[in-house]
Amino acid sequence: MKRQIPLIISFVCGIFMLIQFFIPHPGFISVYRGILNWARIIGVFALIIGIGTLVRLHFRRITRRSPGWFYSVVVFAGLIVTASAGIIGGTRGKLFVWIFQNINIPLDATMFSLLAFFMASAAYRAFRARTLDATLLLIAAVIVMFGRVPIGDFLWQAVAPQSWVDKVPFLPEQVAEWVMSGPNMAARRGIMIGAALGAISTSLKIILGIERSHFASSSQ
Amino acid sequence: MFNAIGIWVAIGLTICVYSFLYKDNPLFKFAEHLFVGISAGYLLAIAYHTNFLPYIYYPLKSALTEGKYREFSVLIPSLMGLMLFSRFVPRYNWMVRWPFAFLMGYSAGVKIPVIMQADIYRQIQGTIQPFGDKSSLWAITNAVMIMLGVICTLIYFFFSRERKGLSGGLSEAGIIFLMIGFGASFGYTVMARISLLIGRVDFLLQNIPFINSIVSNGR
């Protein structure tokens with residue numbers, strides 16, 4: 001029972017979801033919507049487990065007075081105030097919106113903008129033109145970067161002969177556009193198709209019970 | 001007043017995060033932990049209003065008060081959701097397989113036709129369609145290059161045969177396309193991060209009064 005029932009559930013759900021796509025009958029659509037809602041409901045409990053794990057981790061740090069336990073208090077404060085503001089006052093409540101606009105958005109944007117500095121140092125290591133591959137990587141990245149900023153066109157217009165500039169005033173931008181929609185697109189399509197074939201084969205393995213690694217966490 | 005406090009809070013937190021550029025310090029850790037807590041709280045509040053209330057609470061309420069007994073069916077997924085907690089009890093942790101099996105089977109079944117349509121048919125269609133545009137030699141050359149690029153990239157990812165002869169040459173060409181693609185994606189991502197950085201610096205310049213006055217006088 002412990003092994004067979006989960007495999008049957010996977011098989012039945014997978015096959016049903018697969019065939020409902022090809023049968024637009026109201027009955028099938030209704031069951032599809034029902035299953036979609038069931039997945040949402042299970043998702044709520046999964047989120048509670050995720051947040052519960054976070055709470056447990058930081059609660060331990062506080063009770064054991066681990067180094068930096070004060071920061072766990074900050075996590076709790078942020079969690080409790082935001083969740084309470086959202087649950088009690090609603091997602092359009094004044095305090096919830098204020099927290100989102102003045103704390104969440106600035107922190108999110110600043111954290112990601114911080115990556116610009118780390119990417120610059122990573123680029124220095126990755127882009128040293130030692131091999132043909134690294135050189136191609138470097139050239140493509142430089143072309144795209146110069147094509148996306150005004151200084152690219154400015155330099156082109158300042159350095160290139162006037163007759164060339166008259167013919168193609170925004171060459172860096174156009175070359176960057178071509179790299180993005182030409183070779184880059186070809187590589188991305190190849191990756192996308194390959195990944196899609198892999199995802200389909202893994203999905204079939206899950207439905208047929210060949211792939212069972214997601215059951216590994218429950219070893220009993 | 002409420003808005004002014006908000007701007008000062010945002011300025012303070014932005015500076016706290018940028019202080020990491022000097023070195024790891026308590027101000028950055030404070031901002032980082034606050035971000036974790038607030039993001040978790042935000043997710044919880046959104047899930048409460050968009051999933052818990054409409055899909056669990058209201059159906060159960062209408063089942064109990066209005067006699068819509070069909071709505072009791074939400075108890076089945078709720079029970080499966082509760083089974084997720086069995087992972088904390090070693091003796092019963094096998095029960096966690098049921099909701100996992102449901103979620104994995106459901107998402108695997110939904111994915112197959114969607115991926116087939118969006119990531120395979122559409123991409124093949126997008127690769128072949130430009131051949132219809134015979135308006136210029138440039139358009140035809142581009143179409144040929146994209147098709148060659150897609151084929152070479154796919155051959156590079158084909159591991160079931162040894163790479164020698166024609167397939168070896170094509171997979172080498174695939175690496176060239178991949179490297180250009182990775183470089184372009186890297187450049188694109190760097191520019192996205194730089195634009196975020198410009199946005200934050202602009203925010204600081206606009207909102208810190210004495211810097212704002214210096215910038216305004218400079219203009």
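Modeller: Start with helix α5 (residues 132-147) and helix α8 (residues 171-181), both of chain A; their axes come within 8 Å and cross at roughly 130 degrees. Axes are lines fitted to C-alpha atoms, for helices over the stretch in contact, and angles run from 0 to 180 degrees between N-to-C directions. Helices are DSSP runs (H or I, at least four residues), numbered from the N terminus. This is a predicted model: local features need pLDDT of at least 70, side-chain atom pairs count only at pLDDT 80 or more, and totals for chains, interfaces and linings use all residues. Residues are numbered from 1 along each chain as its sequence is written, chains are lettered from A in the order in which they are written, and side-chain values use heavy atoms, without hydrogens and water.

Colleague: Why are α5(A) and α8(A) called oblique to each other?

Modeller: Angles under 35 degrees count as roughly parallel, over 145 as roughly antiparallel, 65 to 115 as roughly perpendicular and the rest as oblique. The angle here is roughly 130 degrees. So α5(A) and α8(A) are oblique. Their crossing is left-handed, meaning that the near helix is turned anticlockwise from the far one by less than a right angle (clockwise would be right-handed).

Colleague: Which residues of α5(A) and α8(A) make the contact?

Modeller: Ile143(A), Val144(A), Phe146(A) and Gly147(A) come from α5(A), and α8(A) brings Pro172(A), Glu173(A), Val175(A), Ala176(A), Val179(A) and Met180(A). Contact means heavy atoms within 4.5 Å.

Colleague: What makes α3(A) and α2(B) roughly parallel?

Modeller: The axes of α3 (residues 69-89) of chain A and α2 (residues 26-65) of chain B cross at roughly 30 degrees and come within 7 Å. That angle falls in the parallel class, so the pair is roughly parallel. α3(A) passes α2(B) in a right-handed crossing. By class, their contact has 16 nonpolar, seven polar and one charged residues. Ala, Val, Leu, Ile, Met, Phe, Trp, Tyr, Cys and Pro count as nonpolar, Asp, Glu, Lys and Arg as charged, and the others, Gly among them, as polar.

Colleague: How many disulfides are there over all chains?

Modeller: The count is zero. A disulfide is a pair of cysteine sulfur atoms within 2.5 Å.

Colleague: Why is Cys152(B) called buried?

Modeller: Buried means under 20% relative accessible area, exposed over 50%, partly exposed in between (1.4 Å probe, protein chains only). Cys152(B) has 4% relative accessibility, so Cys152(B) counts as buried. Cys16(B), at 11%, is buried too.

Terms used. Helices (H or I, at least four residues) and strands (E, at least two) are DSSP runs, numbered from the N terminus.
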